[in-house]
Amino acid sequence: INESVEEFSIHNNIILFGLKGIKNVGNGSALIIEDRKRRGRFTSLKDFIQRTHSKKDVTESLIESGAFDIFGKNRYAMTKVIEDLNKQSKKIEEKTLLYQELKKEVMELDAGTTKKKYSAKEEKSLRTKLKNAQKAKEVAEETFVSIQVPMLMENQKERLRKEKELLGVYVSAHPLDEYTTPEELKCTPIEDLTVGKKKHIFGIITNLNIRKRKSDKAPMAFFELEDQTGSVNVACFTKAYAAYGEYIHEDE
């Protein structure tokens, strides 16, 4: 969140994903980068929310894609406080605006530059309103600060699924990292497949599409199978689907 620009870029010899390329962020990335240039690096998730007022789905996508990993490793837990932080940030903005308006009015009254004439009762009421507005602003700020990221378990499989959905690729890890290598399973890495030869392969099912044969409505499946080296299109026709369909699920 503090280094990426809109498009892909190079930073310290590593490729940085462009913020514009993250699903749901898109053109909103320009405002984020502009704020960062103007007011400096973001120091926390709370700082980002207070400064940018980004929509919930934008902030959520940034978190789930890994852009906020410098502020916390549990992406799932961070997404759970976005709504509360957004509401409280908006409340701070409203209370601050009211406080500033009343403060300006009182300062003009004290300086004798106000155009409005106040009775003693009205002046007292105005000063009470200012005091109350200041208190309400402070309470809103204290409540915002008190909101903490909860202690929750994060599902690694779901974390990677979100990452792939938002970025189009796995970045921080791969779902197959917990398995042995293709060679140890006597399988061929997908990038080494050649046309015309039967091989055993294994991987993650993605872009699953279940269809039905027109003649008898028998189901069949089409999907991509992906390992850490590449992906291949798979057609599982009716006879094979009848035998193995119970095992064919997205992200399995």
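Here are a few notes on this predicted model, going from the overall fold down to single residues.

1. **Make-up of the chain.** The protein has eight helices and five strands. Reading from the N terminus, the order is β-β-α-α-α-α-α-α-α-β-β-β-α.

2. **Overall shape.** How does the radius of gyration sit against the globule rule? It is 28 Å, well over the 18 Å that the rule gives for 252 residues, so the protein is more spread out than a compact globule. The box filled by the C-alpha atoms, taken along the principal axes, is roughly 95 × 50 × 30 Å. As for burial, 35% of the 252 residues count as buried.

3. Which residues make the nonpolar surface patch of about 370 Å²? They are Phe8, Ile10 and Ile15. Phe8 belongs to the segment before strand 1 (9-11). With a relative accessible area of 52%, Phe8 is classed as exposed, because the cut-off for that label is over 50%.

4. **A negative patch.** There's also a charged spot on the surface: Glu183, Glu184, Glu191 and Asp192 gather there in a patch of negative charge. To place one of them, Glu183 is in the loop between helix 7 (156-167) and strand 3 (204-212).

5. Most residues other than glycine have a negative phi. Asn24 isn't a glycine, yet its phi is positive, at about 80°. You'll find Asn24 in the loop between strand 2 (14-16) and helix 1 (28-39). Is Asn24 buried, exposed or partly exposed? Its relative accessible area is 42%, so Asn24 falls in the partly exposed class, which lies between 20% and 50%.

6. **Asp251, another positive phi.** Asp251 isn't a glycine either, and its phi is positive at about 70°. Where does Asp251 lie? Asp251 is in the segment after helix 8 (238-244). Its relative accessibility is 18%, and Asp251 counts as buried because the limit is under 20%.

7. **Places to look in the viewer.** For the surface, start with the nonpolar patch of Phe8, Ile10 and Ile15, then go to the negative one that includes Glu183 and Asp192. For the backbone, look at Asn24, with its phi of about 80°, and at Asp251, with its phi of about 70°.

Key: Residues are numbered from 1 along each chain as its sequence is written. This is a predicted model: local features need pLDDT of at least 70, side-chain atom pairs count only at pLDDT 80 or more; totals for chains, interfaces and linings use all residues. Side-chain values use heavy atoms; hydrogens and water are left out. Patches are made of residues with over 30% relative accessible area and no salt bridge: like charges are joined within 9 Å, nonpolar side chains (Val, Leu, Ile, Met, Phe, Trp, Tyr) within 5 Å. Accessible areas come from the Shrake-Rupley method with a 1.4 Å probe; for residues, only the protein chains shown count as cover. A salt bridge is a side-chain nitrogen of Lys or Arg within 4 Å of a carboxyl oxygen of Asp or Glu. Lys and Arg count as positive and Asp and Glu as negative; His and the chain ends are not counted. The place of a charge is taken as NZ of Lys, CZ of Arg, CG of Asp or CD of Glu. Helices (H or I, at least four residues) and strands (E, at least two) are DSSP runs, numbered from the N terminus. Buried means under 20% relative accessible area, exposed over 50%, partly exposed in between (1.4 Å probe, protein chains only). The radius of gyration is taken over C-alpha atoms; the globule rule is 2.2 Å times the number of residues to the power 0.38.
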